[in-house]
Amino acid sequence: CWKTYVSRPEDSNTIRTCAIGVLAHGLGDAGRHEERLQIQQTQFSTQMRLGLSEQELLATRCNIAVCLEELGRDEEALALRRECYATSKRLNVANPGDLYIDVLNLSKSLLDTHRHTEARSFLREQLPKARRALGPADDTLFKLRWNYALSLCDTGASREDVLEATTLLEELSSTAQR
């Protein structure tokens, strides 16, 4: 599919960048993440050259972070997730749903890199804001609370943290069953 567009001039041709995106997703579905990463980095460079919106650039960077996680490059993914969260925080004043997806992704990366204390602190700060912005029944809020419970369960967890995590996980479990 990309061969169709490669010879065309690189103006604000979003069809070309969409074709690159389709190729990247196909490679990801096939488990070919090294190649996917190269394609997504090319997509990002192309979008930068074309002057696409920060929102579109943010989506591509989030996709690159997912690919890095798939490759086991968790530290690189975490650094990119931090950048994505900072950008999302600046851009998504009107759409808090997108912001809290980036909060969720960053908290997952913190947990994946065994930064439980940082994840716990970050989520303690974000959960009340997310509850107000998203409402108590939102799926993203549910996942944020789940990550918070996981952040309480690191190897050096106190008895109080384990009890809080257990209570929260039981609550989330009963909510999920409804």
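Student: With which residue does E54 form a salt bridge, and how far apart are the closest N and O atoms?

Tutor: This model is predicted. In it, E54 forms a salt bridge with R90, and the closest N and O atoms are 2.7 Å apart. E54 lies in helix α4 (residues 54-70) and R90 in helix α5, so the pair ties together parts that are 36 residues apart in sequence. With a relative accessible area of 37%, E54 is partly exposed.

Student: Which residue forms a salt bridge with E83?

Tutor: The partner of E83 is R61, with 1.9 Å between the closest N and O atoms. Because E83 belongs to helix α5 and R61 to helix α4, this pair ties together parts that are 22 residues apart in sequence. E83 counts as partly exposed at 42% relative accessibility, and R61 counts as partly exposed at 21%.

Student: Where do R115 and E75 lie, given that their side chains meet in a salt bridge?

Tutor: R115 is in the loop between α6 and α7, while E75 is in helix α5, so parts that are 40 residues apart in sequence are tied together. The N to O distance of this salt bridge is 3.1 Å. R115 is partly exposed, with a relative accessible area of 28%, and E75 is partly exposed at 46%.

Student: How many salt bridges are there by this rule, and which residues are linked in a network of them?

Tutor: The count comes to 12 salt bridges. R120, D154 and D161 are linked in a network.

Student: Is R145 buried or exposed?

Tutor: R145 counts as buried, at 15% relative accessibility; the cut-off for this class is under 20%. R145 is found in helix α8 (residues 139-151). Its side chain is joined to that of E171 by a polar contact of 2.5 Å. Leaving aside neighbours within four places in sequence, the contacts of R145 are L127, R131, L168, E171 and L172.

Student: How many residues does the largest nonpolar core have?

Tutor: In soluble globular proteins, nonpolar side chains tend to be buried together. Here the largest nonpolar core has 23 residues, and Y100, V103 and L144 have the most contacts inside it. Helices α5 (74-91), α6 (96-112), α7 (116-134), α8 and α9 (159-177) each supply at least two residues of this core. The largest share, 7 residues, comes from α6. Not counting residues up to four places away in sequence, L144 touches Y100, V103, L104, S107, L123, L127 and A130. A second, separate core has 12 residues, including A65, C67, L68 and A77.

Student: How many aromatic pairs does a search of the whole structure find?

Tutor: A pair of aromatic rings is described by the distance of the centres and the angle of the planes. The search of the whole structure finds 1 aromatic pair. Y85 and F122 form this edge-to-face pair, at 5.3 Å centre to centre and with 90° between the planes. The pair links distant parts of the chain, with Y85 in helix α5 and F122 in helix α7, 37 residues apart. Both Y85 and F122 are buried.

Note on methods: Residues numbered from 1 in each chain as written. Predicted model: local features only at pLDDT ≥ 70, side-chain atom pairs only at ≥ 80, totals over all residues. Heavy atoms only, no water. Helix = DSSP H or I, 4+ residues; strand = E, 2+ residues; numbered from the N terminus. Buried < 20%, exposed > 50% of the residue type's maximum accessible area, 1.4 Å probe, protein only. Polar contact = N/O pair within 3.5 Å; in protein donor to acceptor, adjacent residues only side chain to side chain. Contact = heavy atoms within 4.5 Å. Core = buried A, V, L, I, M, F, W, Y, C linked by side-chain atoms within 4.5 Å. Phe/Tyr/Trp six-rings, centres within 6.5 Å; stacked < 30°, edge-to-face > 60°. Salt bridge = Lys/Arg side-chain N within 4 Å of Asp/Glu carboxyl O.
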